[in-house]
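Here is a short tour of the model shown below. Keep the structure open while you read, and follow along chain by chain.

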Amino acid sequence: MTSERGEAAAVPGLTRRADAGRDEVPDGGAARHGGKAPPSAASTRSPVTQRAWLPWAVGGLVLAACFGLQSQLYAGQERTVATVFMFVGLAQAWNLIGGYTGYACFGQVVFFGLGGYTTAALMAHAHVSFWLALPASGLLAAIWAALIGLPLLPLKGHYFAVATLGVAEGTREVVTNLPSLTGGGAGISIPTVGADATTGYLGNDGFYVLFLLLAAVSVLVVAIVSASKLGFALRAINQDEDAAASLGVHTTRTKVSVFALSGFLTGLLGAAYGFQQVTIFPARLFDVNFTVLMVIMVIIGGSGTVVGPVIGAAFLQFVSEYLRQHFTEAHPFILGAIVIVAVILLPQGVVSYAGSAWRNRDFSLLDNIRKYRL
Amino acid sequence: MSQFFQATIYGLLQGGLLALIAAGFSLVWGVMNVVNLAHGAFVLVGAYLAWELSRVGVDPFLGMLVAALALFAAGYAIQRLLVNLVVNAPVFITLLLTFGLELLLVNGLILLFSADYRSIRTSYASRSLVLAGDVRVPVGRLLAFAVAIGITLALVALVRRTRTGLAIMATGMDRGAARLMGIRARHVYALTFGIGAAIAGAAGAMVGTVDTFSPADAGRFTLFSFVVAVLGGLGNMYGALLGGLVLGLVEAWGSQYLPGTLVNAVAFAVLVAVLIVRPSGLIGRAHYAARVEV
């Protein structure tokens, strides 16, 4: 391994951020402004980095506001908002492997499903408390991620996408065909009441807090990774893997460990989701639409940024819920149209668009089309 | 023994159908590096067109031509107006665009035709030829298999013998160089996408004739196309046919000897194994697998 400076030099334009990020931990927004700082040691004392606490303060305020919001919602709304939190966490987990590292994982739902099934099996068969099953689910998902990551992560582009999709579908079939452990296609129920219940059902209030905390943990992990040496290694791999390797980034180890981390977070959310649903089925927990939603949320918000997936997840989930209530039948149809328009007009995501539009004072959306069309 | 023989026959015929479903997908992926997640939806649009026509008395093998023509026009327009706008963007973008298209088409079909299962009825498709040892060959599947072989051969002839086909191959190998030679890449891409959609439409008519279908099948068709395209390999027009036959045989034999629905897991295990050991597929060109996709 070379020094941090040498590693970051693999990424033109990020060198300066390495200097700015050595002492403080800039969030997405701060890091973006940090790019303007002069590339010298003095940059640590520039006015920009002195505001490095700002994103943390904003994050803390948002977290507090979400706790405060809870008392204003009735049960149905509470469930909806808890789902938004779940997707914030999922999008953030996918962001690690898909956004920062640039590996289009189209089988991310496999970790979600494994997490849910680990929790269900542990609670139903082994009578383990949910609070033990939760980390165990994350760990199992992380181990599976590392195991499949070793042979699959050398693949690139579409091939990695197809291979992970294949693993997800194959894992679902295996889970379906282990009825003694997983209940097979008929599903498995977690005992939540009576003597069999190891942990009482958390109810709408409890799951609101649980999903909020898990989402906060995911955002925190990504913020820390983003500012750390690992984060720079990931961006380097994303931009030019060979160059990153030649400058001392151990690409295989880096990719596998970030894939495991991403799987861990997804597994935690899957465990919470499985407990919330009580009865789970392979068709639901391994639904490929979960993966696709994660990807869309990250892309619309801004891949490879900390705040992007949060914005994307909140936006898409609220729009989807609004459409579901007002256009019950046509709602996926309209959602398809929204995805097409969003992808054509904002291929780099809201956060990156807003940043560059603000810097260049150019708010035209047509530039993106000019950039990517044939 | 006759059971094994029957499974082999069935696997080969099913493989031909899978090859037909995947041929257009493989072509589009190989030439444009676009993974078209809406491919399964195109297959279904073809199936519903042939189904509508069969209700006014048009034979599905004639309806197949109509479906192919209609989907060619639609595919050309979609590539020209939508996909060409993002064709240079990173991998995710085209994946998401075509996924949005899939949502649009599948849910449009549900709104139009409901989510019920349909099938195209003919007087001959459900009949069977009986071979020695009571091995049966369903006529409809045999005809669909013949169509799959015919379309693959036509595709090979198109790509090798016509100027348009050579332009498609050249653009697929190096778009920049092709444009310098005076090839209109936008038009060639749209043609390629149109041909892919047309084959999907024909495949849809065949699927409707031998099997039931509903809008919910779109994802399954796309997934099969994925597996077949990777298995056979890109850049070779026979790739989809070989991949389809191998997958059909593996599934048919697997369902004989494996319990439950575990046979589906076998298909994906084969896929992942091929990707790890030989990413260029069974007979694909290494050039396409090694291509760095940014």
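This is a predicted model: local features need pLDDT of at least 70, side-chain atom pairs count only at pLDDT 80 or more; totals for chains, interfaces and linings use all residues.

Helix 8 of chain B covers residues 185-210, and its first and last C-alpha atoms are 38 Å apart, close to the 38 Å expected for its 26 residues at 1.5 Å a residue. Of these 26 residues, 23 are buried, so helix 8 of chain B is largely enclosed by the rest of the structure.

Just after helix 2 of chain B comes Gly57(B), with a positive phi of about 95°.

Now for the meeting of the two chains. The contact takes 39 residues from chain A and 44 residues from chain B. On the side of chain A that touches chain B, helix 9 (157-176), helix 16 (288-301), helix 18 (331-345) and helix 20 (366-372) of chain A each supply at least two residues. Helix 9 of chain A provides the largest share, 13 residues. By type, this side of chain A divides into 27 nonpolar, 7 polar and 5 charged residues.

Which residues of chain A does Leu96(B) touch? Leaving aside residues up to four places away in sequence, Leu96(B) touches Val295(A), Ile296(A), Ile299(A), Val339(A) and Val343(A).

The table sets out some values for each chain.

| Chain | Secondary structure | Buried share |
|---|---|---|
| Chain A | 20 helices and 2 strands | 49% of 374 residues |
| Chain B | 12 helices and 2 strands | 56% of 294 residues |

In chain A, residues 24 or more positions apart account for 73% of the contacts with a separation of 6 or more. In chain B, 78% of the contacts between residues at least 6 apart in sequence join residues at least 24 apart.

Finally, the overall form of chain B. Its radius of gyration is 19 Å, which agrees with the value near 19 Å for a compact globule of 294 residues. Along the principal axes, the C-alpha atoms of chain B fill a box of roughly 60 × 45 × 35 Å.

Definitions and conventions. Residues are numbered from 1 along each chain as its sequence is written. Chains are lettered from A and ligands numbered from 1 in the order in which they are written. Two residues are in contact if their C-beta atoms, placed from the backbone, lie within 7 Å. Helices (H or I, at least four residues) and strands (E, at least two) are DSSP runs, numbered from the N terminus. Ala, Val, Leu, Ile, Met, Phe, Trp, Tyr, Cys and Pro count as nonpolar, Asp, Glu, Lys and Arg as charged, and the others, Gly among them, as polar. The expected span of a helix is 1.5 Å times one less than its number of residues. A residue is buried if 20 or more other C-beta atoms lie within 10 Å of its own, exposed if 12 or fewer, and partly exposed in between; C-beta atoms are placed from the backbone. The radius of gyration is taken over C-alpha atoms; the globule rule is 2.2 Å times the number of residues to the power 0.38.
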